[in-house]
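Morning, everyone. Let me put one model on the screen and walk through a few local features.

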Amino acid sequence: MVEVAMIAVAVLVILLTLGVPLPYCFGGGLMVMYFVGDVVMKGNMLWGFQQLGNPVLLAIPLFVLAGTIMSVSGIAASLLRFVNIFVGHLRGGLGVVATVSCALIGAISGSGLTGVAAIGPLLIPEMEKQGYPREYATALIANASLLGLLIPPSVTMIVYGWVTDTSILACFLATLGPGLLIMFNFSVVNVWLARKFPLKLEERPKGEEFVAEVSRRGFKATPALLMPVIILGGIYGGIMTPTEAAAVAVIYAIPVGFLIYKGLDWKTFLGAGKEASTSVGAIMLMILFSMILSQMFVLESVPQALVEAIFSITDDKVILLILINILLFLVGMVVNDVTAIILIAPLLLPLMEAIGISPVQFAAIMGVNTAMGGVTPPYASILYLGARIGNVQVTKVIRPAMILILFGYLPVVFLTSFWSDLSLGLPALFGY
C-alpha cells in the first residue's frame, strides 16, 4: 500500500506541474487509491463531507472576505500613511514601511496575497519614485507579504490546527515569534541593500509640525489600527474564538470601508464578495479531496510505514529535522501552503512526535517552510501576483527575492527547527 500511496502522490505532483486545478489534482490521487489500491470510497466520502461541517473552517471564508474588503476599502492605505511618517525619511525607511505594513495587513487578513494586493499598488510606484529599482520594490513587498501567513490570525494555522487536532490559538502563537523575527530581518536587509540605491529622501517635518502631522494621520488611521487590536485582543483575551473573530473582522471592515474611508461602494463591495467566494469555493473543494486522500493514507497505515522507513535511514534528530525541512521546502515549491499542510501534516506528525517535536512547534516549522513556497518557483503565487501588480517581468524579480529569502528568511527557518523557545515560548506563556 505504501507503493500505491507513492504512486498517488506522484500523480498528484505531475498533475500540479501540468497546471491542472488543485481539486482535480487531489481527485487524481483519489482515483489511484480507488482503482489501484482497491480502497473503499463510500465511507471516506461521507467522512469528508462531515468534516466540512466543522465550525472552525468557517473562519477561512470570513478572513478571506475581510482581507478582500480591506484591500479595496482604503484601510490599508491609511495604515501605510501613518507608518510612513515615522520612518519614511530614513534611507531604506520606505522599504521598512512596506515590510511593517504587510505585517499589519497580515495581522488583519490572515492571507499573504492580501498584502501584495493592498500594499503593492500603493508602494511600488512610490518606492520607484524615491529611487528603488522597481524589481526590488516588487520583490520586497512580495516577500514581506509572506508575513500574512505567519502573523496571526493565519488561515494556514487554522487549517493545521483542524487537521492535526491541535489548539489553533497555540498555533497562532507559535508562528508569531518567527513572523516578527522575519519582519525584523527583512527590514535590516532592506536598509543594508538601500545603501547602494540612489534614493531621494524627503525631509521629515520638525517640532510642532511633526507632532501635528502625526496627530492628523494617527486620527485618520485610528479606525484601521483598531481592527487588529479588536481581533487579536478578542482572540487572545479569550473573548472570541478565531471563527468569531473572523466574523467580527468582516462586520467591522464593512462600515469602516463604506462610511469612514469611503473606498467601498456597492460595486466594489459586490466585487470583493465575488472574488472571496471564488477563492473560498476552490479552497473548500480542495480541502474535501485532500482530507479524503489523507484519511485513506492514515487508514492504510502509510504514515507509520513512512516513519519506519525514515528511521531505517537514520535516527539522528538533527539530520531528520534537516531532511524534513528540505522536504517541506520542496513541497512548498509545487503546492500552496494550505495544500501542503493538509497533505503533509498528518503524514509527518507521528515522525515529529517520535523525535520529540511537539505538534505546536511542528506548526511553526510547517508554517515557515510552506509560506516560503509563495515566492519560490514554480508555485510562487505571491511572487507572480507581485510581478503582475508591479508590472515587472518575473525573471527580474527572482534575484532580489532570493537575496531576501537567503539572508532574511532561511535563518529563521533553521532557528524555528532547532531553537524550540522561538515557537514554544509564547504558547507556554499563555498556558498552551
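Predicted model: local features only at pLDDT ≥ 70, side-chain atom pairs only at ≥ 80, totals over all residues.

Residues are numbered from 1 along each chain as its sequence is written, and side-chain values use heavy atoms, with hydrogens and water left out.

Patch first. Eight names here: Val318, Ile319, Ile322, Leu323, Ile326, Leu330, Phe414 and Phe418. Together they form a nonpolar surface patch with about 680 Å² of accessible area. Areas are Shrake-Rupley with a 1.4 Å probe, and for residues only the protein chains shown count as cover. Patch members need over 30% relative accessible area and no salt bridge; nonpolar side chains (Val, Leu, Ile, Met, Phe, Trp, Tyr) are joined within 5 Å, like charges within 9 Å. A salt bridge puts a Lys or Arg side-chain nitrogen within 4 Å of an Asp or Glu carboxyl oxygen.

Which helices supply at least two residues each? α15 (317–334) and α19 (394–418). α15 gives the largest share, six residues. Helices are DSSP runs (H or I, at least four residues), numbered from the N terminus.

Take Leu323, in α15. Leu323 counts as partly exposed because its relative accessibility is 43%. The scale: buried is under 20%, exposed over 50%, partly exposed in between (1.4 Å probe, protein chains only).

Now the backbone. Lys262 is not a glycine, yet its phi is positive, about 60°. Lys262 sits in the loop between α12 (242–260) and α13 (266–299). At 63% relative accessibility, Lys262 is exposed.

Asn391 also has a positive phi, near 55°. Its loop runs between α18 (381–390) and α19. Asn391 is exposed, at 67%.
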